[in-house]
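These notebook entries record what I looked up in one structure.

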Amino acid sequence: AKRHRFSQTSISLIDEITEAGKLVEGRAAEIQLPTLLVSAEKDATVSTDAIARFHSHAGDNMKYICLADGRHDLHNDKPAIRNALFDSIMLFLDEHV
């Protein structure tokens, strides 16, 4: 019987993504430009803990906000969450542009 290679590819891909994440996290402090990092408390796609950990390695130029009750697609979320996102972006731009 022909063996499917999906499981081998998946393991390899997860390993590569994990290693790339470690590299990026380790270099977070090198980011010099003002950066707004946004996450959603109820994001089922991206780990809010991983984003917070990345931010903890970054320098003072990075601002991090986590929108309560927000889901992955913040700009298409409920009006209150979408407005909070855009307000945060505008405030950040007012401070840095």
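For the charged pairs I took a salt bridge to be a side-chain nitrogen of Lys or Arg within 4 Å of a carboxyl oxygen of Asp or Glu. I note that the model is predicted, that local features need pLDDT of at least 70 and side-chain atom pairs pLDDT 80 or more, and that totals for chains, interfaces and linings use all residues. Residues are numbered from 1 along each chain as its sequence is written, and side-chain values use heavy atoms, with hydrogens and water left out.

**Entry 1: salt bridges**

How many salt bridges does a search of the whole structure find? I found four. In one of them, Glu30 pairs with Arg27, the closest N and O atoms being 2.8 Å apart. For exposure I used relative accessible area (buried under 20%, exposed over 50%, partly exposed in between; 1.4 Å probe, protein chains only). Glu30 is partly exposed because its relative accessible area is 46%; Arg27, at 47%, also counts as partly exposed.

I next looked up Arg53, which forms a salt bridge with Glu25, the closest N and O atoms being 3.0 Å apart. This pair links distant parts of the chain, with Arg53 in helix α2 and Glu25 in helix α1, 28 residues apart. Helices (H or I, at least four residues) and strands (E, at least two) are DSSP runs, numbered from the N terminus. Arg53 has a relative accessible area of 42% and is therefore partly exposed.

Lys42 forms a salt bridge with Asp69, with 3.2 Å between the closest N and O atoms. Here too the pair links distant parts of the chain: Lys42 lies in the loop between β1 (35–40) and α2, and Asp69 in the loop between β2 and α3, 27 residues apart. Lys42, at 41% relative accessibility, is partly exposed, and so is Asp69, at 36%.

**Entry 2: the largest pocket**

I used a 1 Å grid over the protein atoms alone: a pocket is an open set of points where a 1.4 Å probe fits, with protein on both sides within 12 Å along at least five of seven lines, and lining residues have an atom within 4 Å of a point. The largest pocket has a volume of about 170 Å³, the volume being the space filled by probe spheres set on the points.

Which helix gives the largest share of the lining? I noted α1, with six residues; α1 (6–26) and α2 (48–57) each supply at least two. Among the lining residues are Ile17, Lys22, Glu25, Ala50, Arg53 and Phe54. By class, I recorded four nonpolar, two polar and three charged residues. Ala50, in helix α2, is partly exposed because its relative accessible area is 27%. The C-alpha atoms of Ala50 and Ile65 are 13 Å apart.

Val97 is in the segment after α3 (79–96).

Is Val97 buried or exposed? I recorded Val97 as exposed, because its relative accessible area is 82%.

By contrast, Met62, in strand β2 (residues 62–67), counts as buried because its relative accessibility is 8%. The C-alpha atoms of Met62 and Asp15, 47 residues apart along the chain, are separated by 28 Å.

Conventions: Nonpolar A, V, L, I, M, F, W, Y, C, P; charged D, E, K, R; others polar.
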